[in-house]
Amino acid sequence: SGLRNAVSPLKVLFPIIILIIILTPHFFKEGEILISYNNWTILTDLGLLRTGVLLSRFIGITYVFFVFFRSTPLNQVILTLRWFGLSMKAALIISMTFRFIPYITFTYHRVSDAHKLRGSFQSGMWGWSRFKGLFPVLTSVLIQTVKSIPVMSMSLEHRGFGRSNRRTSYQRLRGGRKLFT
């Protein structure tokens with residue numbers, strides 16, 4: 001749904017947001033003291049303002065990139081990077097990264113579901129037992145990922161990766177007004 005997609009970047013950034021909220025106000029001791037304990041300044045109005053500015057910038061930039069990557073097809077992103085002068089190798093690496101990260105996520109969910117069916121990994125575990133239960137899942141994901149290396153190398157060979165001659169593009173980035181590109 002739309003709300004779930006809108007909240008998904010915040011779920012990923014939640015630990016960083018918490019760290020910003022906890023750590024940033026301590027660096028700004030100037031201004032009116034809002035919270036103190038035993039003559040130790042915990043929060044000032046300037047610290048609160050700076051934390052708000054930092055959070056709004058961080059979340060804003062995250063959402064701009066989130067909307068960019070959700071609204072623009074990957075081939076247009078790569079063509080745009082090539083138009084700005086990025087080399088073919090760098091564009092290929094970026095394209096493979098954006099295609100491989102969702103593959104690893106899908107593989108992780110598939111493997112963890114298989115381990116849950118076997119009863120070797122429960123999602124409600126905490127601490128050391130969760131880590132011990134996560135180890136076989138991550139090992140299986142690593143094995144599945146390594147097994148995909150031959151397919152990835154054949155795909156790279158098919159695209160001409162490693163050749164010395166200059167690469168050409170079959171698609172051109174048209175001018176005009178589109179969102180982001």
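These legends accompany several close-up views of one predicted protein model.

Residues are numbered from 1 along each chain as its sequence is written, and side-chain values use heavy atoms, with hydrogens and water left out. Because the model is predicted, local features need pLDDT of at least 70 and side-chain atom pairs count only at pLDDT 80 or more, while totals for chains, interfaces and linings use all residues.

View 1. The protein chain holds 6 helices and 2 strands, where helices (H or I, at least four residues) and strands (E, at least two) are DSSP runs numbered from the N terminus. Read from the N terminus on, the elements follow the order α-β-β-α-α-α-α-α. Of the 181 residues in the chain, 20% are buried; buried means under 20% relative accessible area, exposed means over 50%, and partly exposed lies in between (1.4 Å probe, protein chains only). The accessible surface of the chain comes to about 13,900 Å², and 66% of this surface belongs to carbon and sulfur atoms; such areas come from the Shrake-Rupley method with a 1.4 Å probe, and for residues only the protein chains shown count as cover. Among the contacts with a separation of 6 or more, 56% are between residues 24 or more positions apart, a contact being heavy atoms within 4.5 Å.

**View 2. The largest pocket and the residues that line it.** The volume of the largest pocket is about 710 Å³. Of its 17 lining residues, Phe66, Phe69, Arg70, Phe98 and Pro102 are the closest to the centre. On a 1 Å grid over the protein atoms alone, a pocket is an open set of points where a 1.4 Å probe fits, with protein on both sides within 12 Å along at least five of seven lines, and lining residues have an atom within 4 Å of a point. Grid points are joined across faces, edges and corners, and the volume is the space filled by probe spheres set on the points. Helix H1 (2-23), helix H2 (45-71), helix H3 (74-83) and helix H4 (88-118) each bring at least two residues to the lining. By residue type, the lining divides into 11 nonpolar, 5 polar and 1 charged; here Ala, Val, Leu, Ile, Met, Phe, Trp, Tyr, Cys and Pro count as nonpolar, Asp, Glu, Lys and Arg as charged, and the others, Gly among them, as polar.

**View 3. The largest nonpolar core.** This core is made up of 5 residues, namely Phe68, Leu74, Val77, Ile78 and Ala91. Helix H3 gives the most to the core, with 3 residues. A nonpolar core is a set of buried Ala, Val, Leu, Ile, Met, Phe, Trp, Tyr and Cys residues joined through side-chain atoms within 4.5 Å. When residues up to four places away in sequence are not counted, Ile78 touches Ala91, Ile94 and Ser95.

View 4. Phe28 counts as partly exposed because its relative accessibility is 25%, and Lys29 is partly exposed because its relative accessible area is 37%. Leaving aside residues up to four places away in sequence, Phe28 touches Thr44, Leu46, Gly47 and Arg50, while Lys29 touches Thr41 and Thr44. The C-alpha atoms of Phe28 and Asp45 are separated by 8.9 Å, although these residues are 17 residues apart along the chain. Lys29 and Gly47 are 18 residues apart in sequence, and their C-alpha atoms are 6.9 Å apart in space.

**View 5. Asn38 and Asn39, in the loop between the strands.** Asn38 has its place in the loop between E1 and strand E2 (40-44), and Asn39 is found in the loop between E1 and E2. Phi is near 50° at Asn38, a positive value in a residue other than glycine, and phi of Asn39, near 60°, is likewise positive. Asn38 counts as exposed because its relative accessibility is 65%, and Asn39 counts as exposed because its relative accessibility is 84%.
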